[in-house]
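Hi there,

Here is the structure I promised to pass on to you. Have a look at it first, and then read on for what turned up in it.

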Amino acid sequence: MAKLQLLPLLAALCLSLAGAALAARRVDLAIPTFVVEGRVYCDTCRAGFETSASKYIEGAKVKLECKHFDSGAVEHTSEGVTDATGTYHIEVEHNHEEEICEVVLVKSPMSGCTEVDGDRSRARVLVSGRSGLATEIRYTNSLGFLKSQPLPECGLLLQQYALGVDE
């Protein structure tokens, strides 16, 4: 008799679990949209990193490129342009969890600052909803072009960073 009383309860439990699984599947079917965001600067001291003398570049072109993890084939590309603060925003649809995505420098409009810094020319970014991140915004490291000649004040500025001094 007690077994018969549990039968409706088990049926209700199974139906609610099936409904929850179906709802979760509908969420997976929605197309996620991510925003890849970062900045582009001119390394005015040719230091290899951002300093207080760095200038952010308006109108710099960057490209997001996602390559398949195994084959290396390019699966997705998007381009972006920086705003007045040197910040770009690239919208990306779909999960790219099977791909390695990088933002790459394309072109600088700043006169005298067009040389690509090899160490700061690309930044990897994870474009997946299954990353544990709570937001759809994906931030990258800043990318930098090199000024052809360092500013005169750079020597003094770089001394403040005490580079190469071990105490």
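What is the order of the strands in the open sheet of four? Before you trace it, please keep in mind that this is a predicted model. The order is β4-β3-β6-β8, and the pairing is antiparallel. The edges are taken by β4 (74-81) and β8, and each of these has a single partner strand, so one side of each has no neighbour in the sheet. On average, neighbouring strands here are turned by 20° against each other, with direction ignored. Within the sheet, β3 (residues 61-68) and β4 run antiparallel and are joined by seven bridges. If you want a place to start looking, C66 stands opposite H76 in β4.

Setting aside residues up to four places away in sequence, V125 touches V36, L64, C101, R138, Y139 and T140. One of these, C101, is 24 residues from V125 along the chain, yet the two C-alpha atoms are separated by 5.6 Å.

Next comes strand β10 (residues 143-146), which is covered on both faces. L143 and F145 are buried on one side, and G144 and L146 are buried on the other. How do its partners run? Strand β1 (residues 33-43) pairs with β10 in the parallel sense, over four bridges, and Y41 stands opposite G144. Strand β7 (residues 115-116) pairs with β10 in the antiparallel sense, over two bridges, and here E115 stands opposite L146.

S108 is found in the loop between β6 (99-107) and β7. Is S108 buried or exposed? With a relative accessible area of 7%, S108 is buried. Two backbone atoms lie close to polar atoms of its side chain: the nitrogen of M110 is 3.2 Å away, and the oxygen of C113 is 2.8 Å away.

The structure holds one aromatic pair. It is made by F49 and Y161, whose ring centres are 5.5 Å apart and whose planes meet at 80°, so the pair is edge-to-face. These two residues link distant parts of the chain, being 112 residues apart: F49 is in the loop between β1 and β2 (55-56), while Y161 is in the segment after α2 (154-160). Which class of accessibility do F49 and Y161 fall into? F49 has 21% relative accessibility and counts as partly exposed. Y161 has 36% and is likewise partly exposed.

There is also a charge over a ring: the charged end of R39 sits over the ring of Y56, 3.6 Å from its centre.

Best wishes

Methods. Residues are numbered from 1 along each chain as its sequence is written. This is a predicted model: local features need pLDDT of at least 70, side-chain atom pairs count only at pLDDT 80 or more; totals for chains, interfaces and linings use all residues. Side-chain values use heavy atoms; hydrogens and water are left out. Buried means under 20% relative accessible area, exposed over 50%, partly exposed in between (1.4 Å probe, protein chains only). Two strands pair if DSSP finds at least two bridges between them. Rings of Phe, Tyr and Trp (its six-membered ring) pair if their centres lie within 6.5 Å; planes under 30 degrees apart count as stacked, over 60 as edge-to-face and the rest as tilted. A charge sits over a ring if NZ of Lys or CZ of Arg is within 6 Å of the ring centre and within 35 degrees of the ring normal. A polar contact is a pair of N or O atoms within 3.5 Å; within protein, one must be able to donate a hydrogen and the other to accept it, and residues adjacent in sequence count only if both atoms are side-chain atoms. Contact means heavy atoms within 4.5 Å. Axes are lines fitted to C-alpha atoms, for helices over the stretch in contact, and angles run from 0 to 180 degrees between N-to-C directions.
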